[in-house]
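Trainee: Could you walk me through how to read a sheet and a helix packing in a model like this one?
Mentor: Happy to; let's bring it up together.

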Number of protein chains: 2
Amino acid sequence: MTAYTATVTVRLKHGVLDPEAETTKQALERLGFELEALRSADRFEVDLEADSTAAARERAEDMAERLLANPTIHDYDVEVDER
Amino acid sequence: MTAYTATVTVRLKHGVLDPEAETTKQALERLGFELEALRSADRFEVDLEADSTAAARERAEDMAERLLANPTIHDYDVEVDER
């Protein structure tokens with residue numbers, strides 16, 4: 001077994017409204033910052049042990065599909081690194 | 001001016017309790033997943049125009065310090081890519 005960290009990034013799908021990100025963008029603009037767009041995402045860093053990078057990735061993808069992301073509104077991606 | 005995307009990742013500092021991450025970890029374990037630890041972070045993807053990568057990075061770091069992160073409890077890092 002090898003120790004891995006799987007990073008799962010969960011984003012709203014294109015077209016899903018994100019009022020929190022819009023509010024953050026406006027607050028930055030009120031502070032005088034120039035920006036064109038702001039998107040927010042959730043990032044989960046999962047420490048796990050697995051037999052291979054492929055097994056760690058598969059488990060992290062299962063976690064995203066079962067709990068971390070809502071497939072109706074979210075896309076996700078997974079990165080796996082050895083710890 | 002060049003178009004950049006700055007990705008700001010905001011994490012709780014080591015030692016700051018994260019009950020939401022703990023709850024998520026327990027929920028994954030109840031679903032049968034094996035994992036050792038789970039950390040959550042916020043990720044902001046900011047599209048902006050700047051004269052150089054260094055200028056884009058500096059603006060994104062200012063955004064993190066002024067609004068996106070709370071220096072009492074958060075660490076942050078910034079990555080900048082050309083769009």
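Mentor: A term to settle before we start: two strands pair if DSSP finds at least two bridges between them. Keep in mind that this is a predicted model.

Trainee: What is the bridge partner of Val46(A) in S2(B)?
Mentor: The general idea is that strands of a sheet pair through backbone hydrogen bonds, either parallel or antiparallel. Here, Val46(A) has Leu38(B) as its bridge partner. The two strands concerned, S2 of chain A and S2 of chain B, each covering residues 37-50, pair in the antiparallel sense over 11 bridges.

Trainee: In what order do the six strands of the open sheet run?
Mentor: Reading across, the order is S3(A)-S1(A)-S2(A)-S2(B)-S1(B)-S3(B), with antiparallel pairing. The edges are S3 (74-82) of chain A and S3 (74-82) of chain B, each pairing on one side only. From one strand to the next, the twist averages 25°.

Trainee: Which strands does H2(A) touch?
Mentor: H2(A) packs on the sheet against S1 (2-12), S2 and S3 of chain A, and its direction makes about 150° with that of S3(A).

Trainee: And how do I read a helix pair?
Mentor: Two packed helices are described by the angle between their axes and the distance between the axes. For H2 (residues 53-68) of chain A and H1 (residues 19-30) of chain B, the angle is about 105° and the axes are 11 Å apart. H2(A) and H1(B) are therefore roughly perpendicular.

Trainee: Which residues make that contact?
Mentor: H2(A) contributes Met63(A), Leu67(A) and Leu68(A), while H1(B) brings Thr24(B), Ala27(B) and Leu28(B). By type, five of the contact residues are nonpolar, one is polar and none is charged.

Definitions and conventions
Residues are numbered from 1 along each chain as its sequence is written. Chains are lettered from A and ligands numbered from 1 in the order in which they are written. This is a predicted model: local features need pLDDT of at least 70, side-chain atom pairs count only at pLDDT 80 or more; totals for chains, interfaces and linings use all residues. Side-chain values use heavy atoms; hydrogens and water are left out. Axes are lines fitted to C-alpha atoms, for helices over the stretch in contact, and angles run from 0 to 180 degrees between N-to-C directions. Helices (H or I, at least four residues) and strands (E, at least two) are DSSP runs, numbered from the N terminus. Angles under 35 degrees count as roughly parallel, over 145 as roughly antiparallel, 65 to 115 as roughly perpendicular and the rest as oblique. Contact means heavy atoms within 4.5 Å. Ala, Val, Leu, Ile, Met, Phe, Trp, Tyr, Cys and Pro count as nonpolar, Asp, Glu, Lys and Arg as charged, and the others, Gly among them, as polar.
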